[in-house]
Amino acid sequence: MERFSRQSNFELLRIVAMFFIILHHISVHGNWGNGGVFFPDQLSMNTFFLQSILPLGKIGVDTFVLISGYFLIVSSRSTWPKLFMLWAEMLFYSFIISAVFALFNGVEFNTRQIFSIFTPFISSTWWFATTYLLMLVASPFVNKMLYACDEKSHLKLIVGLVFLWTILPAVTNIHVQFNDLLWFLTLYIIAAYIRLYPKHFDRGAFTYILTSRNQESSIRTIELLKLSISA
């Protein structure tokens, strides 16, 4: 397995993904009403722009996960230091943010909320951090499974997962035990395939893989990863 080393093209891709997530939060959490969703009689250039940037958050999040899978599949480093660091960061920011609201806004917390402050991982205070941490826990076992597979089996697994989590619900509205962790692991497995079998992803030979975490949008996050690899 290879040692992880930072590459400027992937760092740039992370910055783009972060910018996408910021735009998504502006659309959803800005003071626009309806969480960034507008009715036909409310349409204007401004609302059209807000609707256009709404799906970018999903692209950004999925891009982060794809990058992680691309590097972790060949990493020989233990995931435990990364797990501890992520847990410590979650605890730190949970405490600091809560303290600021308590000191400056006079917010009072009940017993359950206080428990959540000191256990952000167990309480799923932030869905992305919690899901990402669980993906890190699973990654060494996923790696062993993928290395035990040949290329054809790996590809069949991807096709099956993409069919279950994207095509089937999009066509039939049937949801088969879907959750964020399963989707992160699916992206991890896709990124692992790109890393382990790069001959299929030569410049100019990329095939779009449409992905979607729900029926709000279909996104092309793997294209961003391919562009970064080719840079």
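Where is glutamine 177 found? I shall begin with that residue and then move on to the rest of the protein. Glutamine 177 is found in the loop between α7 and α8. Please bear in mind throughout that this is a predicted model.

Let me stay with glutamine 177 for a moment. Its phi is near 45 degrees, a positive value in a residue other than glycine. Glutamine 177 counts as exposed, at 67% relative accessibility. The loop holds another such case, asparagine 173, placed between α7, residues 151–172, and α8, residues 180–196. Asparagine 173 is not a glycine, yet its phi is positive, at about 65 degrees. With a relative accessible area of 57%, asparagine 173 is exposed.

I turn now to the overall arrangement. The secondary structure comprises nine helices and zero strands. The protein has 231 residues, and buried residues make up 39% of them. Consider also the contacts between residues at least 6 apart in sequence: 74% of these join residues at least 24 apart.

Helix α4 covers residues 80–104 and helix α6 covers residues 127–148. They pack at an angle of about 165 degrees, and their axes are 10 Å apart. An angle over 145 degrees counts as roughly antiparallel, and α4 and α6 are therefore roughly antiparallel to each other. The crossing in which α4 passes α6 is left-handed. On the α4 side, the contact is made by Lys82, Leu83, Leu86, Trp87 and Met90. On the α6 side, the residues are Ala129, Thr130, Tyr132, Leu133, Leu136 and Val137. Sorted by class, this contact has nine nonpolar residues, one polar residue and one charged residue.

Let us proceed to the aromatic rings. How many aromatic pairs does a search of the whole structure find? The search finds 13. One of the pairs is formed by phenylalanine 10 and phenylalanine 71, in an edge-to-face arrangement. Their rings are 4.9 Å apart, centre to centre, with 70 degrees between the planes. Phenylalanine 10 lies in helix α1, residues 8–29, and phenylalanine 71 lies in helix α3, residues 56–72, so this pair ties together parts that are 61 residues apart in sequence.

Are these two phenylalanines buried or exposed? Phenylalanine 10 has a relative accessible area of 1% and is buried. Phenylalanine 71 also counts as buried, at 7% relative accessibility. Phenylalanine 71 has a further ring partner in tyrosine 70: the ring centres are 5.4 Å apart and the planes stand at 90 degrees, so this pair is edge-to-face. Tyrosine 70 and phenylalanine 71 are both buried.

Finally, I draw your attention to a cluster of rings. Ring pairs link Trp127, Phe128, Tyr132 and Phe184. Tryptophan 127 and leucine 181 are 54 residues apart in sequence, while their C-alpha atoms are 9.8 Å apart in space.

Technical notes: Residues are numbered from 1 along each chain as its sequence is written. This is a predicted model: local features need pLDDT of at least 70, side-chain atom pairs count only at pLDDT 80 or more; totals for chains, interfaces and linings use all residues. Side-chain values use heavy atoms; hydrogens and water are left out. Axes are lines fitted to C-alpha atoms, for helices over the stretch in contact, and angles run from 0 to 180 degrees between N-to-C directions. Helices (H or I, at least four residues) and strands (E, at least two) are DSSP runs, numbered from the N terminus. Angles under 35 degrees count as roughly parallel, over 145 as roughly antiparallel, 65 to 115 as roughly perpendicular and the rest as oblique. A crossing is left-handed if the near helix is turned anticlockwise from the far one by less than a right angle, and right-handed if clockwise. Contact means heavy atoms within 4.5 Å. Ala, Val, Leu, Ile, Met, Phe, Trp, Tyr, Cys and Pro count as nonpolar, Asp, Glu, Lys and Arg as charged, and the others, Gly among them, as polar. Rings of Phe, Tyr and Trp (its six-membered ring) pair if their centres lie within 6.5 Å; planes under 30 degrees apart count as stacked, over 60 as edge-to-face and the rest as tilted. Buried means under 20% relative accessible area, exposed over 50%, partly exposed in between (1.4 Å probe, protein chains only).
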